[in-house]
Number of protein chains: 2
Amino acid sequence: MVLGVLVSGSGTNLQAILDAIGAGRLDARVAVVVSNVAGAGALDRARAAGVGTLVVEHARFPDRRAFDTAVVEALRARGVEVVVLAGFMRIVTDVLLGAFPMKVVNVHPALLPAFPGVHAQKQALDYGVRVAGCTVHFVDGGTDTGPIIAQETVPVLEGDDEKALTARILEKEHNLLPRALQWLAEGRVTVEPPGPLAARARVRIETR
Amino acid sequence: MVLGVLVSGSGTNLQAILDAIGAGRLDARVAVVVSNVAGAGALDRARAAGVGTLVVEHARFPDRRAFDTAVVEALRARGVEVVVLAGFMRIVTDVLLGAFPMKVVNVHPALLPAFPGVHAQKQALDYGVRVAGCTVHFVDGGTDTGPIIAQETVPVLEGDDEKALTARILEKEHNLLPRALQWLAEGRVTVEPPGPLAARARVRIETR
């Protein structure tokens, strides 16, 4: 399975993918790491792992679709099969989703459908939930609405602030994302009903 | 802590409360079980435990507030301090909530704020979440929107139907509800900010 990883930040989830590949837990290859931010720490992690990088600065494009077109070209040129949004802070358009139907995966720091969008951990703390977590899901046209592949939970503890909860969730993300990608690599993940993402599409994981 | 338990159905959560009291895990007394359904199985469970019962049929009242007024009178007459909605299939009004401010507790078969309202387990299955659960919370004027006291999770397994998931969650409810009530009995549960339930009110549990 050839991965393209889209990043904007320090790239700890990219690192988790690279580590899982290195440890033989994820049967995949990262063909390219694309960042929309020139100085993103994720780029250093990619280079350290010998993975090709590309900076596509969104400010240089007239709109989201033009930006996505450039990203899609770069991904296709490198034979990418599955696109991973790993801390990628841009909304993707139908240009990317149409080019990689049901092949764009995101990790979100909440138990979706609760707390979609930005600052999910703060939303959870403000609401006062006792259990938080993270979700790996296929990306559809909505904000964190796509079919769920995997979820993991963490407790919310008395006295937690946003930083503490974010760190606790992130640790789970680092386990969950490579695990979900390995299910994809093994061909165990199907979306029902098949075809373009339906409103009620659900993921089935073949158990082995 | 003197409890009034409101029921409509078979009363397995009432049984969990009675069993926890019997086993010394819940330092409380059930003063009365009120059912809006004459033949509810929960009434038999109450009688078997020597607990007083009362049927208040909602069809005999002109509206919800009149019904709640009768229920409040019955609860007050028996010295009830905390009201537990245990499978009580009626929407409560400000009459009950005003008479027992921050003292009405509900158990809901979902990880709120996800999947409020009826058929929560089916909502979760239809959405395709990988983790489900239950929530014990204070009741406010909304539908399952009140401050969360406790939550517990269960996995959603491939092949689960509504019945299987409901049973798995219910088992957790039977643990969670008496445990949350015991926190109340120990005076460990506070709502912040204090006073009438605020939109952003959160529960603090004093750890011991």
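Let me start with one cysteine. B:C134 is buried, at a relative accessible area of 0%. Buried here means under 20% relative accessible area, exposed means over 50%, and partly exposed lies in between (1.4 Å probe, protein chains only). A:C134 is buried too, also at 0%. Searching the whole structure gives zero disulfides over all chains, where a disulfide is a pair of cysteine sulfur atoms within 2.5 Å.

Ground rules, quickly. This is a predicted model, so local features need pLDDT of at least 70 and side-chain atom pairs count only at pLDDT 80 or more, while totals for chains, interfaces and linings use all residues. Residues are numbered from 1 along each chain as its sequence is written, chains are lettered from A and ligands numbered from 1 in the order in which they are written, and side-chain values use heavy atoms, with hydrogens and water left out.

Now the symmetry. Chain A superposes on chain B by a rotation of 180° with 0.0 Å of shift along the axis, RMSD 0.0 Å. The two copies are therefore related as by a two-fold rotation axis. Which residue of chain A comes closest to the rotation axis? A:A114 does, at 2.6 Å for its C-alpha. Both copies use the same surface: 100% of the contact residues of chain A recur in chain B.

Next, the interface. 26 residues of chain A are in contact with 26 residues of chain B; contact means heavy atoms within 4.5 Å. The area buried between the chains is about 2200 Å², and carbon and sulfur atoms give 53% of that. Buried area is the accessible area (1.4 Å probe) that two parts lose on being put together, summed over both. In chain A, the residues losing the most area to chain B are A:Y127, A:R130 and A:R202, together 28% of what that side buries.

Polar contacts do cross, with 14 residue pairs, both at pLDDT 80 or more. A polar contact is a pair of N or O atoms within 3.5 Å; within protein, one must be able to donate a hydrogen and the other to accept it, and residues adjacent in sequence count only if both atoms are side-chain atoms.

β7(A) gives the most to the side of chain A that touches chain B, with five residues. Helices (H or I, at least four residues) and strands (E, at least two) are DSSP runs, numbered from the N terminus.

Zoom in on A:R130. A:R130 sits in the loop between α5 and β6 (131-138) of chain A. A:R130 is buried, at 14%. Its side chain reaches the backbone oxygen of B:V203 at 2.5 Å.

Last, salt bridges over all chains: the count is 20. A:R65 pairs with A:D94 at 2.9 Å, N to O. That pair links distant parts of the chain, from helix α3 (residues 64-77) to helix α4 (residues 94-99), 29 residues apart. A:R65 is partly exposed at 43%, and A:D94 is partly exposed at 48%. A:K122 bridges to A:D126, with the closest N and O atoms 2.9 Å apart. These two are four residues apart in helix α5 of chain A, so about one helical turn separates them. Finally, A:E152, A:K172 and A:R179 are linked in a network of salt bridges.

How values were computed
Least-squares fit on C-alpha atoms with pLDDT ≥ 70 in both. Salt bridge = Lys/Arg side-chain N within 4 Å of Asp/Glu carboxyl O.
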